[in-house]
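Visitor: I would like to learn how to read a protein model, feature by feature. Could you begin with the way in which helices pack?

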Amino acid sequence: MNPFSYGTIVKGEFFFDRNEELERIVSTLQGGNNLVLFAPRRFGKTSLVFKAMEVLEQQGYKCIYFDFFPVYSIESFAELFINAVRKKEANLNKFVQVLAELVKTIRPKLTFDGSGKAEFGIEFAENKVSASTIANLLDLPEKNAESRQKTIVIFDEFQEISKFDNIGFENLLRSRIQQQENVNYIFLGSKTHLLSDMFNNRNRAFYNSAFQIQLGALPEADTITYIKERFEKDSINITDESAQYLISQAGNIPYYIQLLASEVWQYSINTYNQISDEIIKICAEKIIFLKRDYYFELFDRQSVMQKQLLKALAIDGENIFSSAYLKKHRLSAASTVQKSASVLLENGIIERSGSSYFIGDPFFKKFIVNYAS
Ligand SMILES: Nc1ncnc2c1ncn2[C@@H]1O[C@H](COP(=O)(O)OP(=O)(O)OP(=O)(O)O)[C@@H](O)[C@H]1O
Ligand SMILES: [Mg+2]
């Protein structure tokens, strides 16, 4: 079996490091505070929070994980949220009772299949779910909390709530949360600039409402050790220098390190027992080759200005609005670059870290350097 894993939440032996961050998350929640976890795409937020959930559940906390990514309407939020809370309740009848009392405009339905097993469903009493229904619904975890059992609600891809500005979701949620005694929250998401604004802008409801943790890259020395050990299990050697080369080819981003290492393992398993930089290079090229149609289409879809900026960012991303940068990369006015940068950020193609910008996918970056003209 391939010792590297990517594209899913990593657990068990596939997960390494993050001990300090894990302790910090756990202690913040134990202290009864809310927490927000920032990191660019694919740095390992969800996996880390799942690990924290395991620890907290062992200590008797009830953890409700809710992902905003599949939510496409306020009705779908209601349905998915109810189900996420229900999944954690052992007593279905009691849950139905609590829901019915709390939210009069949503009717729980219990049907029984042939074997007598209860199936849970809901019916909306309103044509359109109203803000007051959502306000009541947000208290569902609080109302279900057993006496003294603390509950933690994890909102993943939390920045997506801005889709529901029309019912003032952000303010609604903040006001409910403030009144709850048994529930604490972990917020995380991959659009760092949006999430950061929610928690750091004085005019926003969530301003200063949660302890903030910024997740960086995994420490290089630990990653090297991990890569070496994983290959060694199958009697494949890789030097520290080559492991370092692999990490740099993958832009030092956890997901892409696993993707490239997995490809290198696949390439070597029955043929080589020593990994060279050459093998790593071949595998990186192969990843780009396999994704070339997607990369081509993605690049082609950008405006002329966005393409120019992407080409410049593929080379360097520091001080991109300075006149030296604009001149060096033959870009037009700073205001135009600003506009292109915000579109690319919005679409998740580029990321910002402090004042520097970078292309999120290191293989797309190489594709731009090598092929895009
Ligand atoms: N601590 C870790 N140990 C090993 N691999 C990791 C670790 N953290 C992240 N990864 C790698 O990164 C991938 C993405 O992790 P995860 O989905 O948790 O990140 P994310 O930040 O939530 O991503 P997204 O922005 O797509 O939601 C994993 O599938 C795994 O390959
Ligand atoms: Mg995630």
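Guide: Axes are lines fitted to C-alpha atoms, for helices over the stretch in contact, and angles run from 0 to 180 degrees between N-to-C directions. Two packed helices are described by the angle between their axes and the distance between the axes. This is a predicted model, in which local features need pLDDT of at least 70 and side-chain atom pairs count only at pLDDT 80 or more, while totals for chains, interfaces and linings use all residues. Residues are numbered from 1 along each chain as its sequence is written, and chains are lettered from A and ligands numbered from 1 in the order in which they are written.

Visitor: At what angle do helix α11 and helix α12 pack, and how far apart are their axes?

Guide: Helices (H or I, at least four residues) and strands (E, at least two) are DSSP runs, numbered from the N terminus. Here helix α11, residues 254–268, packs against helix α12, residues 277–290, at an angle of about 115°, and their axes are 9 Å apart. That makes α11 roughly perpendicular to α12, since angles under 35 degrees count as roughly parallel, over 145 as roughly antiparallel, 65 to 115 as roughly perpendicular and the rest as oblique.

Visitor: Which residues make the contact between α11 and α12?

Guide: Two residues are in contact if their C-beta atoms, placed from the backbone, lie within 7 Å. On the α11 side the contact is made by Leu259, Leu260, Glu263, Val264, Tyr267 and Ser268, and on the α12 side by Ile279, Ile280, Cys283, Ala284, Lys286 and Ile287.

Visitor: Which value of phi does aspartate 17 have, and where does aspartate 17 lie?

Guide: Aspartate 17, a residue other than glycine, has a positive phi near 65°, and its place is the segment before α1 (19–30). Aspartate 17 is partly exposed, because 16 other C-beta atoms lie within 10 Å. Glutamate 157, also not a glycine, has a positive phi of about 50° and sits in the loop between β5 (151–156) and α7 (169–179). Glutamate 157 is buried, because 20 other C-beta atoms lie within 10 Å.

Visitor: How many helices and strands are there in the chain?

Guide: The chain has 17 helices and eleven strands, and its C-alpha atoms fill a box of roughly 65 × 55 × 45 Å, taken along the principal axes. Of its 373 residues, 35% are buried. Among the contacts with a separation of 6 or more, 70% are between residues 24 or more positions apart.

Conventions
Buried ≥ 20, exposed ≤ 12 C-beta atoms within 10 Å, placed from the backbone.
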